[in-house]
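Subject: Structure handover

Hi,

Here is the structure I promised to pass on to you. Please have a look at it first, and then read on for my notes.

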Amino acid sequence: MKLREKAKVLDADQIEKAIVRIAHEVLENNRDVDKIAIVGIRTRGAILALRLAKKMEAIAKKDIPFGVLDITLYRDDLTTVAEQPVVHKTEIDFDIHDKIIVLVDDVLYTGRTIRCALDALIDFGRPRSIQLAVLVDRGHRELPIRADYAGKNIPTSQKETVQVKVAESDGADEVVIAEREE
Amino acid sequence: MAVLWKRKDLLDLESLSTQEIEMILETTGSFKEISQRPIKKVPTLRGQTVVLFFFEPSTRTRTSFELAAKRMSADIVNIQTSSSSLTKGETLKDTARNIEAMKVNMIIMRHSSSGAPHLLARSVSPSIINAGDGSHEHPTQGLLDIFTIKEHKKKIEGLNVSIIGDIAHSRVARSNIWGLTKLGANVTVCGPATLMPPEIEKLGVKVTYDIKEAIEGADVINMLRIQLERQGQSLFPSIRDYSMSFGLDADKMKIAKKDVLIMHPGPINRGVEITPEIADGPYSVILEQVTNGIAVRMAVLYLVSGVKERGE
């Protein structure tokens, strides 16, 4: 499948500003800083989550627990996909009991990934609350799920894909909308 | 990116490629964490049925497979030979066809005849996982041994691994030899001549009948149990004599490398092939092997469960 890049919707500077804003919003909404923990969804959600955690640590001047979630084993389409997706490690080495978990992903689309992540998280214990932060909300939800913090809302058609690229794995920070070539 | 897994069955390590073995090891690493959680369960195999079909006694392997399947939310049925229709004269194939007709997804099987799981894989549609067939192979044991070595040594290539004991009757030895040599280890086998299969060097291993040679320079020593139940006649003068020549004790360990790993697939005959002080000593990773066994088996169940059709 070939993809044609249509538009760049966020550049590196805008991504940085969005993360800083979300960091402030999370701290503003949750006075109990000691209870906050950040959990990112592999792969790009985890990279963004680490950046968010660092920003929040700098602002609040406190250590914030950070973890990474691999949702493969919780997917609802394992019986329908052709081959088993590769399973990566989940690394949550703090107790999530009674924590305010900020779950981070790059793009919020159908909501199915978040549904998996909620199930996966709850298998680690009973957090006080789970909040959702995403860099891009592109609409088209298939489940009753919404983001508490969004870097940018981008209306899209279902033919399009939203690609979040991050320096750590893609060489540069940017968000582009691409469309399948006919 | 790893290669895609395409096998519906896991019958042996002999037929696996290096990439396939590495993929299982990598997947195992991801599954290990699940058994350390407070809630040791993921929903991945929900709605799938796994039959444990054991024709030989087993505690470790059966429990390990059962826990692996349960921690992935599969439903499990245990069939033991003593209480199955095989005692009424039904053939293995017929029993398996009946199990298949009950719409199960996987059959995990241990049998005293080499090749029995291969026969089933040719005759029924569920995934077949070999949990030990005669003196042929015990692939998940081989994989968990290799995974444990890799966790400690960070690599397999170039390591000197010595397998000591009853090589002739050992399916664990064969699975280890296939897996380790494919990944580039130098494997030495050691035991009395009567317990050494003819032409074993054709598998690419070094053979020695002197345990000192096997210990010296080894990065890993894997001690095997004397399988008295598989030996038709007496193949060595006495247990005591065997233990003196081929048992691992503190005295023989003096020439071993300082960072050697001591492994044993269990069950241990304490004081026969290994003394308690070595089995429980600082170099021993015997219980880690057991822990890793569950993760390896979860990885195998996950990979084969995704393959719908048996390719040729």
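I started with α5(B), where the buried residues are Pro139(B), Thr140(B), Gln141(B), Gly142(B), Leu143(B), Leu144(B), Asp145(B), Ile146(B), Phe147(B), Thr148(B) and Ile149(B). That is 11 of the 15 residues in the helix, so I would call α5(B) mostly covered, given that a residue counts as buried with 20 or more other C-beta atoms within 10 Å. Please keep in mind that this is a predicted model.

What do these buried residues pack against? In chain B, their partners are the helices α1, α6 (171–182) and α11, together with the strands β4 (127–133), β8 (220–223) and β9 (261–263). As for its length, α5(B) spans 21 Å from first C-alpha to last, close to the 21 Å expected at 1.5 Å a residue. Just after the helix, Lys154(B) has a positive phi of about 70°.

The pairing with α1(B) may interest you. The axes of α1(B) and α5(B) (residues 139–153) lie 10 Å apart, and the two helices pack at an angle of about 70°. Angles of 65 to 115 degrees count as roughly perpendicular, so α1(B) is roughly perpendicular to α5(B). The crossing of the two is right-handed. On the α1(B) side, Ile24(B), Leu25(B) and Thr28(B) take part, and they meet Leu143(B), Ile146(B), Phe147(B) and Lys150(B) of α5(B). Sorted by class, this contact has 5 nonpolar residues, 1 polar and 1 charged. A general point about helices goes with this: at 3.6 residues a turn, residues three or four places apart point the same way.

Next, the contact between the chains. How many residues does each chain bring to it? Chain B gives 18 residues and chain A gives 15 residues. On the chain B side, α1 (18–32) and α11 (286–305) each supply at least two residues. The largest share of that side comes from α1(B), with 4 residues. By class, the side of chain B that touches chain A has 10 nonpolar, 5 polar and 3 charged residues.

Is Lys308(B) buried or exposed? Lys308(B) is exposed, because 11 other C-beta atoms lie within 10 Å. Lys308(B) and Arg7(B) are 301 residues apart in sequence, yet their C-alpha atoms are 9.2 Å apart in space.

Best wishes

Methods: Residues numbered from 1 in each chain as written. Chains lettered and ligands numbered in written order. Predicted model: local features only at pLDDT ≥ 70, side-chain atom pairs only at ≥ 80, totals over all residues. Contact = placed C-beta atoms within 7 Å. Nonpolar A, V, L, I, M, F, W, Y, C, P; charged D, E, K, R; others polar. Axes fitted to C-alpha atoms, helices over the stretch in contact; angles between N-to-C directions. Parallel < 35°, antiparallel > 145°, perpendicular 65-115°, else oblique. Left-handed = near helix turned anticlockwise from the far one by under 90°. Expected span 1.5 Å × (residues − 1). Buried ≥ 20, exposed ≤ 12 C-beta atoms within 10 Å, placed from the backbone.
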